[in-house]
Amino acid sequence: MLALVKTLAVQCRDGGIGRRTRLKIVRSNPWEFDSPSRHLRKLKSKIIVILGPTASGKSSLAIKLAQATSGEVISADSRQVYKGLDIGSGKITKREMKGVPHHLLDITSPKKVFNAAQFQKLGQDKVEEIIKRGKVPIVCGGTGFYIQALVDSLVFPDVPPNKKLREQLERKSTQELATLLKKLDLRRYKTIDINNRPRLIRAIEIAQALGKVPKVTKADSPFETLFIGVNPKEAELEKKIHERLHARLRKGMIREVEHLRSSGISWKRLESFGLEYREIARFLQSKISKKDMIAQLENEINQFSKRQMTWFKRDERIRWFHPKDWAKIKKT
């Protein structure tokens, strides 16, 4: 009955203790009899999730696993969905893909707001498409909320976008948005990333429509998920972040932001994308020097990587390992 069984031997690190683990990735007929009752039931789709902090090397690992399992990659990154946000978001290039199909990149204009609910719908549809082609879906990214929305089938508030309200909120500073949310819903204010303008605006939109932002609940997930976490040592990650930042600057990251600005993207919208786009936008407006921009940006990226790990480490399903253990990943 099994259409394909592939086994990966992975040297995992679980709670700091190295442990050899055999991980099975199984694709089977989507229907089988549930013994002993013999009722027909639908099997959950098998997917792999590769996650970790920024600059940890997730994309390289995703390509390795895709090549070993006949897989296709679904990007789970809240900035890489936007066209034109390439260098600053670390979007993988065609050459780096090495022939492995990648999905949910460049799917919308940076002038539009894209949220986790939209990502969930597109992502789940893409998973089913990949499985129907007889391939293995590999979700790869560092946006924890997007990953959770996809694999755990989070149920989002049924509040449609309010264009007029959003236009009003876009004129406010990030601090003003955070203060407004604090007045509307203190509980949500305490859990939200107060530097994330799109998320603040969406939370205010929901709070004004419903009185407060309801807690996100989970539906029955259609997936059986293997979570693989990439976790380099802190000093190694800081070195990678430093080297990658300067490589991106040499590659033309500042020119990329200049081009986005000339294409009609407002300064506030550029700053709402955070990190590289926020600090470069501030530099181009002569609010900070180039030297300060680079120093602040490197510090912010390091802090961002720590916040990512705080989010991920709440999920006990994730099996963590060091990037050097990639050599031990093999097809058997």
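Which residue forms a salt bridge with glutamate 234?

1. The partner is lysine 306, and the closest N and O atoms of the two side chains lie 3.6 Å apart in this predicted model. Glutamate 234 belongs to helix 9 (residues 234–251), while lysine 306 sits in helix 13 (residues 290–312).

2. The mean pLDDT of the protein is 86, and 85% of its residues reach 70 or more. Please treat one stretch with care: over residues 1–41 the pLDDT is below 50. Even so, that stretch has 99 contacts in the model beyond near neighbours in sequence.

3. Back to charged pairs, of which the structure holds 21 that qualify as salt bridges. Another one for your list joins lysine 44 and aspartate 220, with the closest N and O atoms 3.4 Å apart. Here too distant parts of the chain are linked, as the two residues are 176 apart. Lysine 44 lies in the loop between strand 4 (39–42) and strand 5 (45–51). Aspartate 220 lies in the loop between strand 10 (217–218) and strand 11 (223–230).

4. How do the two ends of that pair differ in accessibility? Lysine 44 is partly exposed because its relative accessible area is 37%, a value between the 20% and 50% cut-offs. Aspartate 220, at 67%, is over the 50% cut-off and therefore exposed.

5. Arginine 317 is partly exposed, with a relative accessible area of 38%. Through salt bridges that share partners, Asp152, Lys218, Asp315 and Arg317 are joined into one network.

6. Is serine 153 buried or exposed? Its relative accessibility is 8%, so serine 153 counts as buried. This residue is found in the loop between helix 4 (144–151) and strand 9 (154–155). Leaving aside residues up to four places away in sequence, serine 153 touches Gln120, Gln124 and Gln148, and also Thr217, Lys218, Ala219, Asp220, Ser221 and Pro222.

Technical notes: Residues are numbered from 1 along each chain as its sequence is written. This is a predicted model: local features need pLDDT of at least 70, side-chain atom pairs count only at pLDDT 80 or more; totals for chains, interfaces and linings use all residues. Side-chain values use heavy atoms; hydrogens and water are left out. pLDDT is the predictor's confidence in each residue, from 0 to 100. Contact means heavy atoms within 4.5 Å. Helices (H or I, at least four residues) and strands (E, at least two) are DSSP runs, numbered from the N terminus. Buried means under 20% relative accessible area, exposed over 50%, partly exposed in between (1.4 Å probe, protein chains only). A salt bridge is a side-chain nitrogen of Lys or Arg within 4 Å of a carboxyl oxygen of Asp or Glu.
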